[in-house]
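Here's a quick briefing to read alongside the sequence and the 3D view. Have both open as you go through it.

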Amino acid sequence: TSVEVTPVSGGKTNPLIIAFKLKESYSPFLITASQPIFKKGFVGIGKYKLKDIKLNGEFIKSIKLIFADNPLKTKTYYFYPSQEALKIAFVLGEVSKAIGLLDTSFKNTTFASFKNIKVFKKTNHQLIATLFYNTRDGILSDAKLRNALTYTIPDKFKEGERNYSPFAHSSWAYTQGVNERKQDIARARELFSESLTATKSGELTINIKTLSRYEETAKEIVSIWKTVGVKAEIEVVESVPQTFQVFLGDFRVPRDPDQYVLWHKDQENNITRYNNLRIDKLLEDGRKTVDLAERKQIYADFEKYLLADSPASFLYSPYENEISRRYNEQSDTFQVNRADN
């Protein structure tokens, strides 16, 4: 979408207001325009200024911020390559607060048993752990097979709050219970028997590439697939792989229900290589339609047909833990897990 930005002046209009003139309707524009704005050098308009960034190769190691009105007061964010590295850093006192922990275990105990340590657990509704299928794979190109695999997925995960939809539960586009594909092993076996790629391949073997944070979930799915005659192998990866049969990762749910970049055939971020003309049209209409009622119906149809075709199986929004100790208010240190950003 091309945007023309024009300062407004004259008349009764505030001259400090900027008018955005879009060449065509783009419903998610207000959400897009609400993102943080930075000038060159990462200068923003908030109460913090960037003091320093340290890199480790291509990855950010730490970011140091200072308060705009008090240069002596700082905040430092450290990025760690793994959950274990973060836990050790917290125990060693390198950070006073750690966020994004999938569990609070440490060696033979838990952080909850530590003195002067606070543990806060929450659900990260911004993420949805998802099994992405390569829809151009010789086996997984069959929608019946993908649906069969989806029907094997458990209705509960200890790692997070179950979500059957591409939308967050808080989204106005989410339709609870309407299109949910709850676990139905009998239906899964029926679809396996109807799948041409499954019956032709004899013993069905599938490779799952997974981010390390979802390795336990992958093991649980492999165990279930084994009971229905599907052999699966797990391979742990550090990022979204260039090639895969099945990838267990996640995606950050946008505040607007527009998911054009994830599922439209022309988009690079369409990692499943999904190609469905009906879905493409719904995604195109959804971002051009302004009327909320019409958009809601469009995304209800999008959810219905996407789940029916199963280019992915949506699993859960992960539980995350935050642990903290008392810290010096003049110099705070925080952690962000690199794998989450």
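Helices (H or I, at least four residues) and strands (E, at least two) are DSSP runs, numbered from the N terminus. What you're looking at is a predicted model, where local features need pLDDT of at least 70 and side-chain atom pairs count only at pLDDT 80 or more, while totals for chains, interfaces and linings use all residues. Residues are numbered from 1 along each chain as its sequence is written, and side-chain values use heavy atoms, with hydrogens and water left out.

**The big picture**

- The protein chain has nine helices and 16 strands.
- Of its 341 residues, 45% are buried (buried means under 20% relative accessible area, exposed over 50%, partly exposed in between, using a 1.4 Å probe and protein chains only).
- Take the contacts (heavy atoms within 4.5 Å) between residues at least 6 apart in sequence: 68% of them join residues at least 24 apart.

**A look at helix H8**

- Helix H8 covers residues 277-288, so to speak 12 residues, and it reaches 17 Å from its first C-alpha to its last, close to the 16 Å expected at 1.5 Å a residue (the expected span is 1.5 Å times one less than the number of residues).
- Which residues of H8 are buried? They are Ile279, Asp280, Leu282, Leu283, Gly286 and Arg287.
- Seen down the axis of H8, these buried residues fall within an arc of 165°, so they line one face of the helix (the arc is that of the directions from the helix axis to the C-beta atoms).
- That buried set packs against helix H7 (260-263) and helix H9 (292-309).

**Rings meeting rings**

- The structure holds 16 aromatic pairs (rings of Phe, Tyr and Trp, its six-membered ring, pair if their centres lie within 6.5 Å; planes under 30 degrees apart count as stacked, over 60 as edge-to-face and the rest as tilted).
- Tyrosine 48 and phenylalanine 67 make an edge-to-face pair, 4.7 Å centre to centre with 65° between the planes.
- This pair links distant parts of the chain, with tyrosine 48 in strand S3 (residues 48-56) and phenylalanine 67 in strand S4 (residues 59-67), 19 residues apart.
- Buried or partly exposed? Tyrosine 48 counts as partly exposed at 26% relative accessibility, and phenylalanine 67 counts as buried at 10%.
- Tryptophan 172 and tyrosine 299 have ring centres 6.4 Å apart and planes at 70°, so their pair is edge-to-face.
- Here tryptophan 172 sits in the loop between strand S11 (160-162) and helix H4 (185-194), and tyrosine 299 is in helix H9, 127 residues apart.
- Tryptophan 172 is partly exposed at 31%, whereas tyrosine 299 is buried at 1%.
- Ring pairs also link Phe132, Phe244, Phe247, Phe251, Trp263 and Phe314 into a cluster.

**Charges over rings**

- Arginine 162 lies over the face of tyrosine 164, 4.0 Å from the ring centre (a charge sits over a ring if NZ of Lys or CZ of Arg is within 6 Å of the ring centre and within 35 degrees of the ring normal).
- The charged end of arginine 325 sits over the ring of phenylalanine 90, 4.0 Å from its centre.

**Glutamate 159**

- You'll find glutamate 159 in the loop between helix H3 (143-151) and S11.
- Glutamate 159 is buried, with a relative accessible area of 17%.
- Leaving aside neighbours within four places in sequence, glutamate 159 is in contact with Glu216, Thr217, Glu220, Tyr316, Pro318 and Tyr319.
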